[in-house]
Amino acid sequence: MAYDNVDKIAHIREFQHYLYVLSNVYDEIPTVIPDGYFGAQTKAGVEAFQRMLRLPVTGIVDRVTWDSIFAEYARIESENEHAVSVRPILPEDFPLKSDSNSEATFILQLMLASLSNDFPSLPKPDISGKFDEKTQAAVTAMQIILGLPPSGEIDKTTWDLIASTYNSRKTIA
């Protein structure tokens with residue numbers, strides 16, 4: 001099977017996830033949102049990591065840079081072996097939006113309520129399973145924090161980034 005654009009986006013997103021986790025540990029690395037596109041934000045993250053490890057600062061992900069970023073990511077993940085990971089099966093009825101009532105909405109509210117402790121501008125939703133006005137306000141605020149269009153609805157990209165943010169910040173004490 002030929003390597004196609006979908007594969008390329010998936011690999012970039014995977015790499016960006018590693019950088020995102022590293023940016024939560026190292027202040028020198030700017031936050032990189034895993035969107036699958038290698039733009040200025042990703043290049044800046046690569047350059048910051050290369051500077052930090054005293055690699056040639058090119059902004060290009062060569063084999064040495066990829067291996068170094070993955071090794072540091074793996075080291076951090078192994079130190080957080082008790083990390084709480086959220087990977088629920090998502091419902092077919094995306095996007096989640098106003099007035100929907102589901103287990104997915106309940107899980108979303110739990111993640112947002114927990115993240116509201118890390119992000120002061122994020123309003124804390126009620127945890128009811130109903131996608132109400134408070135949930136929509138929290139989703140909109142989180143989309144702004146993550147650099148997404150603030151629709152107030154949960155599509156797959158918004159869900160994945162909220163779950164990724166939750167997973168990278170939450171550990172069991």
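L110 is partly exposed, with a relative accessible area of 39%; here buried means under 20% relative accessible area, exposed over 50%, and partly exposed in between, using a 1.4 Å probe and protein chains only. This is a predicted model, so local features need pLDDT of at least 70 and side-chain atom pairs count only at pLDDT 80 or more, while totals for chains, interfaces and linings use all residues. Residues are numbered from 1 along each chain as its sequence is written, and side-chain values use heavy atoms, with hydrogens and water left out.

**Overall layout**

- The chain has six helices and zero strands, where helices (H or I, at least four residues) and strands (E, at least two) are DSSP runs numbered from the N terminus.
- Of the 173 residues in the chain, 39% are buried.
- Take the contacts (heavy atoms within 4.5 Å) with a separation of 6 or more: 48% of them join residues 24 or more positions apart.

**Around L110**

- L110 sits in helix α4, residues 103-115.
- Together with F106 and I127, L110 makes a nonpolar surface patch of about 240 Å².
- Patch members need over 30% relative accessible area and no salt bridge, with like charges joined within 9 Å and nonpolar side chains (Val, Leu, Ile, Met, Phe, Trp, Tyr) within 5 Å; a salt bridge is a side-chain nitrogen of Lys or Arg within 4 Å of a carboxyl oxygen of Asp or Glu.

**Nonpolar cores**

- The largest nonpolar core has 23 residues, and L108, L112, L122, M142, I154 and I162 have the most contacts inside it.
- Helices α4, α5 (133-145) and α6 (156-169) are the elements that give two or more residues to this core.
- A second, separate core holds 15 residues, including Y18, L19, A48 and Y73.
- By definition, a core is a set of buried Ala, Val, Leu, Ile, Met, Phe, Trp, Tyr and Cys residues joined through side-chain atoms within 4.5 Å.
- Skipping residues up to four places away in sequence, L108 touches F131, T135, V139, I154, W159 and I162.

**Aromatic pairs**

- The chain has five aromatic pairs: rings of Phe, Tyr and Trp (its six-membered ring) pair if their centres lie within 6.5 Å, with planes under 30 degrees apart counted as stacked, over 60 as edge-to-face and the rest as tilted.
- Y18 and W66 are edge-to-face, at 6.1 Å centre to centre and 70° between the planes.
- That pair links distant parts of the chain, with Y18 in helix α1 (residues 5-23) and W66 in helix α3 (residues 63-79), 48 residues apart.
- Y18 counts as buried at 7% relative accessibility, while W66 counts as partly exposed at 22%.
- Y18 also pairs with F70: the ring centres are 5.3 Å apart and the planes at 65°, so this pair is edge-to-face too.
- F70 is partly exposed, at 37% relative accessible area.
- Ring pairs tie F15, Y18, W66, F70 and Y73 into a cluster.

- T42, in helix α2 (residues 40-52), is buried at 1% relative accessible area.
- Beyond its neighbours within four places in sequence, T42 is in contact with F15, Q16, L19, V32 and Y37.
- S164 and Y20 are 144 residues apart in sequence, yet 8.9 Å apart in space, C-alpha to C-alpha.

Methods: Areas by Shrake-Rupley, 256 points an atom, 1.4 Å probe, with all protein chains shown as cover.
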